Amino acid sequence: MTEITKDAPAGQPLIRLVGIAKSYGGVHALSGVNLDLFAGEIHSLCGENGAGKSTLIKTLGGSIKPDRGEIFINGRPTAFSGVRASEAAGIGVIHQELVAFPHLDIPDNIFMGREPRRLAGLYLDRRRMLRESAALLESLGEPLELRRSVGGMSVAQQQMVGIARALSQQCRVLIMDEPTASLSERETATLFRMVRQLRQRGVAILYVSHRMDEIFALSDRISVLRNGAMVGTFARADIDQPQLIRLMVGRELAQAEAPGRRHASTGPVLAVRGLTKAGFYEDISLTVGAGEIVGMAGLIGAGRSDVAKSIFGLIKPDSGDVEFMGAPLPHGSVRQAMRRGMALAPEDRQHAGLVLPMTVEQNLSMAALKSVSPWGITRKKKERALAARMVKDLSVKTAAVTLPARSLSGGNQQKLVLGKWLARTPKLLILDEPTRGVDVGAKAEIYQLIRRLAADGMAVLMISSDLPEVLSLSDRILVMRQGRISGELPAAGATQEDVLKMAMPDAPQVDPATNIITDSPGEEIV
Amino acid sequence: MTATNGMNALHPAGNKNHGTGPAAGPGALKRLASFPWWHEVILAILLICLLTYAGSVAPMFLRPGVQIGLSDRLWNVALLALPMMMIILTGGIDLSVGSTMSLSAVVFALTFTHGAPLWLACVAAVATGLACGFLNGIFVAWVRVHPLIVTLATLAAFRGVAEGISLGRGISGFPPGFQAIAHHNILGLRPEGWLFIAAAAYTAIVLAKAPFGRYLYAIGHNEMAARYSGIPTAKMKLFLYSLSGMAAGAAALFAVARVDTARANLGYGMELKVITAVVFGGVSIFGGRGNIVGVIMGLLLIYETREFISWQWNNDNLISIIIGGLLITSVLLQVALRAGKTAQ
């Protein structure tokens with residue numbers, strides 16, 4: 001495969017955006033954004049959460065109407081009246097949330113809404129659907145069992161289906177929104193191969209990702225959005241990683257990766273002994289001291305989240321003891337755990353962490369509502385003060401605390417999850433993937449926050465699949481493998497290879513493209 | 001944006017803040033569109049129109065004495081609408097309220113006719129309702145069966161038991177003292193009316209101001225997140241369904257007192273009347289949205305419509321048609337209001 005790098009692509013762009021602007025309330029999500037997409041290029045779109053990437057994608061996908069600006073397709077000005085119009089213009093979007101119909105099979109998903117019919121449109125032409133689906137997947141080099149329901153497939157396979165759907169619509173522009181967020185390295189490699197193959201076919205790919213390595217491995221050109229404005233578009237060769245981060249953030253980052261203070265543990269806050277739940281995890285023993293950050297590494301599906309949920313009381317373990325603040329904690333009682341000073345910020349912030357339709361303020365007070373409700377009556381003023389304090393402490397970007405949490409960007413939503421628990425001033429904070437899907441700027445802020453909390457004496461148990469994150473933040477690292485703790489390392493001097501060796505059942509392999517170590521795409525959520 | 005409707009409706013003051021934010025440029029129109037009480041205002045306007053019309057064609061209908069006499073048929077629906085509203089706010093439903101009433105009524109009558117004192121029979125009726133609701137709650141909250149399925153089953157089961165133990169007969173002959181609770185007024189209102197007003201006021205405070213109320217909305221929007229926040233979702237559901245059953249037990253007593261007969265067909269179709277009023281009042285059947293002012297407006301509008309039609313034309317078919325029409329209008333109204341909100 002020959003790599004074509006387009007420093008300044010010639011000819012007419014497939015899609016040209018001129019002066020696209022969109023605002024919500026008083027907030028400018030996009031202000032005068034220009035973007036050219038050429039046939040046969042992989043164009044990365046970078047920016048912090050809240051920079052306007054999603055709005056731009058939705059504009060191209062037809063689900064948002066810009067306030068101002070024009071979209072040219074092949075030089076002709078076009079106005080999308082909706083998603084269908086955008087699809088008709090040859091734009092396909094592969095969303096993070098993957099397939100729309102998990103209970104249906106591959107042909108149904110590929111042809112949903114455009115099913116081939118026979119007998120005057122009365123019947124579906126299943127045979128043709130099957131045939132064409134098979135051909136599409138074949139052409140992608142990924143023959144899949146067609147008649148299985150898509151929901152039961154791996155995330156990567158679901159993405160293949162999404163790509164096949166886009167191709168079946170003769171799409172010339174493919175927008176991929178963080179496609180690797182939950183892929184293993186093997187699957188990521190397959191995806192990359194496919195993306196490059198699409199480029200060869202002349203498809204323009206707009207690739208959105210937070211992972212620097214991927215962006216540099218794949219892109220021909222890179223565009224950077226910041227605060228709703230286009231900072232610039234660069235050929236890959238003309239920019240390097242630190243420069244890109246600087247452009248995204250607009251300021252120098254406090255060295256996020258530098259090893260922080262190594263806090264000596266002053267006393268055990270949490271002591272878990274022999275915790276077991278058949279089929280999930282076995283014989284888990286661990287301690288976390290005050291002011292200590294204990295990292296928990298391992299592959300997705302190793303059982304880390306289940307252990308965390310069991311400590312917090314969301315899952316009832318079969319046997320074992322949890323001792324918290326010097327006294328045994330009853331199994332399966334979130335209330336008890338919370339009352340005694342434990343907090344869990346779950347990995348799935350959209351479903352488990354926040355109530356998205358409720359306001360920022362109501363989410364921030366959700367776990368501490370009693371504290372602003374003397375005599376059982378919630379005091380508006382106290383609640384607002386609490387929310388305002390958390391918003392300020394965590395520098396949450398929101399126009400008002402009365403906006404729904406849904407309106408915030410991913411990084412700011414994550415801050416809400418943290419703020420909701422910090423409002424209780426917990427003694428032990430369990431973090432499950434605290435920076436998943438969070439952009440570099442917010443990431444650095446969250447790292448600083450975690451360090452600050454530990455320095456103030458909070459015990460922190462942090463599950464993370466991001467190895468550099470585990471290595472730089474933790475004082476100690478526990479590694480889980482297939483439901484057991486397979487090893488423990490002091491963070492000082494530990495390398496990614498050391499951790500991987502303990503996490504992997506077989507020979508360790510370090511993936512250069514991603515920092516994430518995953519093996520099976522299985523779900524951790526019970 | 002759309003789904004916050006109900007939440008904002010609880011705190012209209014909070015909503016004003018963001019209306020006067022930097023986007024207040026086009027001003028009044030925008031503020032008008034984000035006004036959180038539209039649904040309630042429109043229901044109130046409809047109610048006023050109805051009463052004005054009723055007053056012009058049948059002045060007698062509006063007389064306080066007449067209204068209080070007719071209100072007999074409002075209060076038990078209203079009483080049941082309060083717990084039903086809270087259940088629907090959590091995304092659940094209770095279809096068994098009508099048959100719980102019938103079982104409670106039959107238990108009351110049988111306890112009394114078997115020689116128990118009146119007060120004990122009353123306690124037995126309420127306890128029966130509580131037990132019925134508790135059973136629903138166990139299945140919904142702990143066994144985790146969908147409430148529609150659970151209460152559909154108990155809808156049939158409770159009435160079946162009621163018919164079985166009463167052998168399908170009506171039981172009457174209660175002391176005049178008991179009948180008085182449905183036929184005498186205290187300060188111009190039926191005792192049942194006062195009970196409803198007190199319960200509604202308390203519910204309003206809980207929904208708007210107490211953590212319990214906030215938790216209901218949270219569960220309705222996202223039960224998993226509620227559970228992760230330490231909200232005792234199972235206990236709360238168990239409580240709500242029990243409360244609903246208990247209210248049905250109490251409503252049964254008033255209903256029996258009114259007609260002086262306990263029969264297994266008492267409360268037939270009650271669940272639909274109650275759910276109609278709650279949904280009509282703007283409570284989302286999917287949970288998370290709605291407020292008590294809307295429910296009260298919904299109750300009043302449906303009740304006045306029903307009573308006026310039967311007063312004026314005495315035509316039950318017409319009542320059903322008009323109530324059905326109103327319900328569809330209400331749903332369209334909600335859709336329109338939501339569209340208006342998203343469009344801003």
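Modeller: Helices (H or I, at least four residues) and strands (E, at least two) are DSSP runs, numbered from the N terminus. On that basis chain A has 17 helices and 22 strands. Residues are numbered from 1 along each chain as its sequence is written, with chains lettered from A and ligands numbered from 1 in the order in which they are written. This is a predicted model, in which local features need pLDDT of at least 70 and side-chain atom pairs count only at pLDDT 80 or more, while totals for chains, interfaces and linings use all residues.

The pLDDT is the predictor's confidence in each residue, from 0 to 100. Its mean over chain A is 82, and 88% of the residues of chain A reach 70 or more. Residues 253-262 of chain A have pLDDT below 50, and this stretch has 17 contacts in the model beyond near neighbours in sequence; two residues are in contact if their C-beta atoms, placed from the backbone, lie within 7 Å.

The helix packing to be examined is in chain B. Two packed helices are described by the angle between their axes and the distance between the axes. Axes are lines fitted to C-alpha atoms, for helices over the stretch in contact, and angles run from 0 to 180 degrees between N-to-C directions. Helix H4 (residues 38-57) of chain B packs against helix H16 (residues 292-312) of chain B at an angle of about 20°, and their axes are 9 Å apart. H4(B) and H16(B) are therefore roughly parallel to each other; angles under 35 degrees count as roughly parallel, over 145 as roughly antiparallel, 65 to 115 as roughly perpendicular and the rest as oblique. The crossing of H4(B) and H16(B) is left-handed, a term for a near helix turned anticlockwise from the far one by less than a right angle, with right-handed used if clockwise. Residues of H4(B) in this contact include B:Leu43, B:Leu47 and B:Leu50, and those of H16(B) include B:Met297, B:Leu301 and B:Phe308. By class, the contact of H4(B) with H16(B) has 13 nonpolar, 5 polar and 2 charged residues. Here Ala, Val, Leu, Ile, Met, Phe, Trp, Tyr, Cys and Pro count as nonpolar, Asp, Glu, Lys and Arg as charged, and the others, Gly among them, as polar.

Another pair in chain B is helix H8 (residues 118-142) with helix H14 (residues 233-259), whose axes come within 7 Å and cross at roughly 150°. H8(B) and H14(B) are therefore roughly antiparallel to each other, and their crossing is right-handed. Their contact has 19 nonpolar, 9 polar and 1 charged residues.
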